[in-house]
Structure formats: C-alpha cells, structure tokens
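Dear colleague,

Please find below the structure that I am handing over to you. My findings follow directly after it.

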Amino acid sequence: MVYFLKIRCVYNCDNDVVDNQVVNFQFVDGSTASFTMVAFSENICVRKTTIFGTKGELVGDGNRNITVFDFLTQTSKRYSPDSFPQTSMQNHGGGDYYLMADFICAVASNDQSFLKSTPEETLESHLAVFRAEESRITNQVINTSW
C-alpha cells in the first residue's frame with residue numbers, strides 16, 4: 001500500500017490550531033489554577049508543570065523529574081523514576097504508554113482499579129477543555145455549574 005502526504009505550510013493555510021493559550025480557573029471553594037500552553041519554546045514538546053500551594057511548590061521538569069520545595073523548611077526534594085519502559089510510545093512523557101497499559105490491564109482483569117481516573121472525572125476534564133476553547137473563541141468568561 002502506498003500513502004501520499006499532502007504537505008502544506010502551517011503558516012499559509014487554514015490551520016487554526018492554538019499555539020499559545022492561558023486559561024484561568026476559579027473553583028467553587030475559591031481556589032484558583034492557571035494553565036499556560038506555549039507551542040514554541042526552547043524545549044519543543046517538553047511539558048513542564050509547576051504547582052504552587054500554600055505549603056510549597058511542585059515542579060515537573062518535563063524530563064520525568066519532580067522537585068518538591070517545602071516553604072516551611074526551605075528544603076527541596078527531587079523525585080525521579082527508577083526506570084521507564086523502552087517503547088516507541090514516549091509521547092506525553094511516557095503517559096501514552098501507561099494510559100494504554102493501565103487500560104489493557106483493567107479490561108483484561110475486569111478490574112477498574114487499574115484506571116487512574118473514573119469516567120466521570122475524565123468527562124469533567126474534557127468538558128473543562130471544551131469550555132476553555134469556547135472562551136477562547138467567544139472571548140468571554142465561561143461559568144460552569146460543576
């Protein structure tokens with residue numbers, strides 16, 4: 001079977017994929033979160049995560065290392081996984097591999113405890129993303145009831 005690719009310039013076509021976005025959340029309990037996505041950076045396709053809390057911060061460097069800084073003790077501790085699977089499914093920091101592996105284990109054993117989120121939690125996270133896109137397109141604040 002032969003496949004042909006149609007190559008188009010991403011800057012000179014109808015591509016409307018978001019290349020940067022900031023989403024701010026305020027939850028029912030008053031807590032807040034912000035999400036910033038930038039497609040073009042020094043480390044392309046490296047997802048970095050920083051979570052600030054009242055007692056410390058957690059930083060995922062995008063290279064499978066997590067550092068926790070404790071505001072009270074002013075100390076840091078770094079966590080690194082011992083090993084990662086040698087697989088072609090390295091997208092999303094290896095998350096694709098583990099998502100599929102856990103799903104296969106859950107189905108094969110008929111045991112939902114292998115899944116890291118419930119269907120309801122998964123739906124809620126997807127609805128949040130759809131609301132963020134609605135906000136981007138309409139340039140309005142979107143309120144939700146959940």
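Two strands are taken as paired if DSSP finds at least two bridges between them. Helices (H or I, at least four residues) and strands (E, at least two) are DSSP runs, numbered from the N terminus.

This is a predicted model, in which local features need pLDDT of at least 70, side-chain atom pairs count only at pLDDT 80 or more, and totals for chains, interfaces and linings use all residues. Residues are numbered from 1 along each chain as its sequence is written, and side-chain values use heavy atoms, with hydrogens and water left out.

The protein has two helices and six strands, arranged from the N terminus as β-β-β-β-β-β-α-α. Four of the strands make an open sheet with antiparallel pairing, in the order 3-4-5-6. At its edges lie strand 3 (49-52) and strand 6 (75-79), each of which pairs on one side only. Strand 3 is joined to strand 4 (residues 56-60) by four bridges; Ile-51 has Leu-58 in strand 4 as its bridge partner.

Asn-65 deserves a separate note. This residue is located in the loop between strand 4 and strand 5 (66-70).

Yours sincerely
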